[in-house]
Amino acid sequence: MKIVVIQGPNLNMLGHRENNIYGNMKLEDIHKQMEMTASQNNCEIEFFQSNLEGEIIDRIQECVGTADGIIINPAAYTHTSIAIADALSAVNLPAVEVHISNIYKREEFRQKSLIAKVAYGQITGFGVFGYHLSMVAMLQLLNELKAMKEQQAKQVQEEKK
Ligand code: DQA
């Protein structure tokens, strides 16, 4: 099982950036924690951060055939990028959308997510702990999907008998 974590613009500034909203933790420390959870669950994990929309789209596309699920904080692109939403829709992999802050409690322009419609679910407002929640959600989801596929394969075998 492999999860790809994609972080959008300015998230490389975590720890320096508006600490009252985003906390003090650095992105690399968040990733270390996620890595630990992944290894405890025999899951591969890869991290990608970019400030560029096109690079994020390329990374999403690269997930076809190489990853089972995507955890994404599209940051400001959440509110503007039809292209990132289209890429997530195109790859047809389960995606969990994460936000550190509660976007629904903030400025009006942040209260709309173009990603929510193509994500399996959204985690917002739990601070950086949201990344851990996203791991729990994704691992559960992938295990359920795996069990479903195994069940379907078993049924096909039995029908052949
Ligand atoms: C964010 C919320 C966005 O509105 C903002 O542009 C970000 C971070 C969050 O994690 O709370 O950069 O996605």
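Which residues are around the ligand? I listed Arg17, Tyr22, Asn73, Ala75, Ala76, His79, His99, Ile100, Ser101, Ile103 and Arg110, where a residue goes on the list if one of its heavy atoms lies within 4 Å of the molecule.

Before going on, I noted that this is a predicted model, where local features need pLDDT of at least 70 and side-chain atom pairs count only at pLDDT 80 or more, while totals for chains, interfaces and linings use all residues. Residues are numbered from 1 along each chain as its sequence is written, and side-chain values use heavy atoms, with hydrogens and water left out.

Next I sorted the shell by class and got five nonpolar, four polar and two charged residues. Here Ala, Val, Leu, Ile, Met, Phe, Trp, Tyr, Cys and Pro count as nonpolar, Asp, Glu, Lys and Arg as charged, and the others, Gly among them, as polar.

Then I looked for polar contacts (pairs of N or O atoms within 3.5 Å). A polar side-chain atom of Arg17 sits 2.9 Å from a ligand oxygen. For Arg110, a side-chain N or O atom is 2.9 Å from an oxygen of the ligand. Ile100 uses a polar backbone atom, 2.7 Å from a ligand oxygen. On its own the ligand exposes 320 Å², and the protein buries 99% of that (Shrake-Rupley method, 1.4 Å probe).

Last, how many disulfides did I find? The count is zero, with a disulfide being a pair of cysteine sulfur atoms within 2.5 Å. For Cys43, the nearest cysteine sulfur is that of Cys63, 13 Å away.

Conventions: Polar contact = N/O pair within 3.5 Å; in protein donor to acceptor, adjacent residues only side chain to side chain.
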